[in-house]
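Here are a few exercises to work through with the model open beside you. Try each task before reading its solution.

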Amino acid sequence: MKFRFCGRSGVQMPVVSLGLWHNFGDVDDFKVATDIVVSAFDQGICHFDLANNYGPAPGSAETNFGRILRNELASHRDEMLITSKAGHEMWQGVYGDGSSRKNLMASINQSLKRTGLEYFDIFYSHRYDGVTPVEETMQALIDIVRQGKALYVGISKYPLDLQQRCYDILREAKVPCLVSQYRYSMYDRKVEGGALKCAADNGSGVVAFSPLAQGLLTDRYLNGIPEHSRAARETGFLQKGQVSEERVAASIKLNEIAKKRGQSLAQMALAWILKDERMTSVIIGASSVEQLNNNIKCIDNLDFSAEELSQIEDILKDPVLSF
Ligand code: NDP
């Protein structure tokens, strides 16, 4: 594994991290979930990304991860960076959703209980909810650190016009924002419009979620929508309609470039993000150990020639590809 420092901090992250949004809920196979986590850890993926609502059922990914830790990796806690988040709908009633202090404080207590952890390494505000003043949300994050429930804090998906204010509040309280999490892939490059620069200027690390566009930037959909794939599953967030003809055609062309580089399409898509040194890590998902093993190998070639980059840009220039 390769590691990068997370922004201007002393903590390093593996350039490939594992996310538990899909494939680790109660609807999934616990043995497969265990094998993925253990295999990831054995290969240096020591950063695991959770959120209160991951499942389904919501909360079950945290519960299952806690079981895996206790069963398989109990003596390795200090070798891991474990994160969680709060901000999306989680329980009934007005306090179970959003970015209020009430939601964040209750949520971290629930997440600690579900995972059986004493603390999270990083706790995120999962989103700006459009209403709660960022002062309130950031103060909740600061207090979570002061209470010893998390070591560091992060923000996820914050709009550009609020991002700087978050960094300022956290910095003034001497709880700097360790990491900012944004969706970033060849098919979603909005972060290049300012968020990445803002994070880097403020010393925050940046991690990319859904770097494979939920599977579209792999060989998964090159020949239709396979049974059991995320787009085929009722509980999957990738809609069949998002597996569009245009995206499949573009992925086929990208796959040709990947082959010439001696990489799978997934490996090239991850390397393409990591070529930018401001990116701390890509948070991948995987439904099998095979996928995980394939993706990890992206680190063998993170460099692109000018010609490769220009060929890729040429394919990506069609606006219908973007989410
Ligand atoms: P990806 O874009 O990496 O998609 C993962 C999916 O792609 C897998 O489940 C699998 O789908 C398919 N796949 C992965 N590798 C391969 C391969 N080598 N060959 C073929 N198919 C492959 O990431 P996710 O969308 O899963 O997101 C990753 C993490 O990011 C989440 O778990 C979560 O931690 C975080 N996240 C954060 C959000 C936020 O709001 N902050 C929002 C969303 C995600 P299949 O099931 O079809 O096999």
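Two strands pair if DSSP finds at least two bridges between them, and helices (H or I, at least four residues) and strands (E, at least two) are DSSP runs numbered from the N terminus. This is a predicted model, where local features need pLDDT of at least 70 and side-chain atom pairs count only at pLDDT 80 or more, while totals for chains, interfaces and linings use all residues. Residues are numbered from 1 along each chain as its sequence is written.

**Exercise 1.** Work out in what order the strands close into a barrel.

*Solution.* From one strand to the next, the twist averages 30°; angles run from 0 to 180 degrees between N-to-C directions, and axes are lines fitted to C-alpha atoms, for helices over the stretch in contact. Now check the pair S3 (residues 16-19) and S10, which is parallel over three bridges. Leu18 has Ile284 in S10 as its bridge partner. Touching here is contact, meaning C-beta atoms, placed from the backbone, within 7 Å.

**Exercise 2.** Find how helices H2 and H3 cross, and which residues meet.

*Solution.* First the axes: those of H2 (residues 60-72) and H3 (residues 101-115) come within 7 Å and cross at roughly 40°. That's why H2 counts as oblique to H3: under 35 degrees is roughly parallel, over 145 roughly antiparallel, 65 to 115 roughly perpendicular, and the rest oblique. Next the residues: Glu62, Thr63, Phe65 and Gly66 of H2 meet Ser111, Arg114 and Thr115 of H3. By class, this contact has one nonpolar, four polar and two charged residues. Ala, Val, Leu, Ile, Met, Phe, Trp, Tyr, Cys and Pro count as nonpolar, Asp, Glu, Lys and Arg as charged, and the others, Gly among them, as polar.

**Exercise 3.** Describe the shell around the ligand by residue, element and class.

*Solution.* Of the 31 residues around the ligand, Gly19, Trp21, Phe209, Gly215 and Gly285 come nearest; a residue is near a molecule if its C-beta atom, placed from the backbone, lies within 6 Å of it. By element, strand S10 (279-284) and helix H9 (289-296) each supply at least two shell residues, and H9 gives the most, with three. By class, the shell splits into 10 nonpolar, 16 polar and five charged.

Terms used
Two residues are in contact if their C-beta atoms, placed from the backbone, lie within 7 Å.
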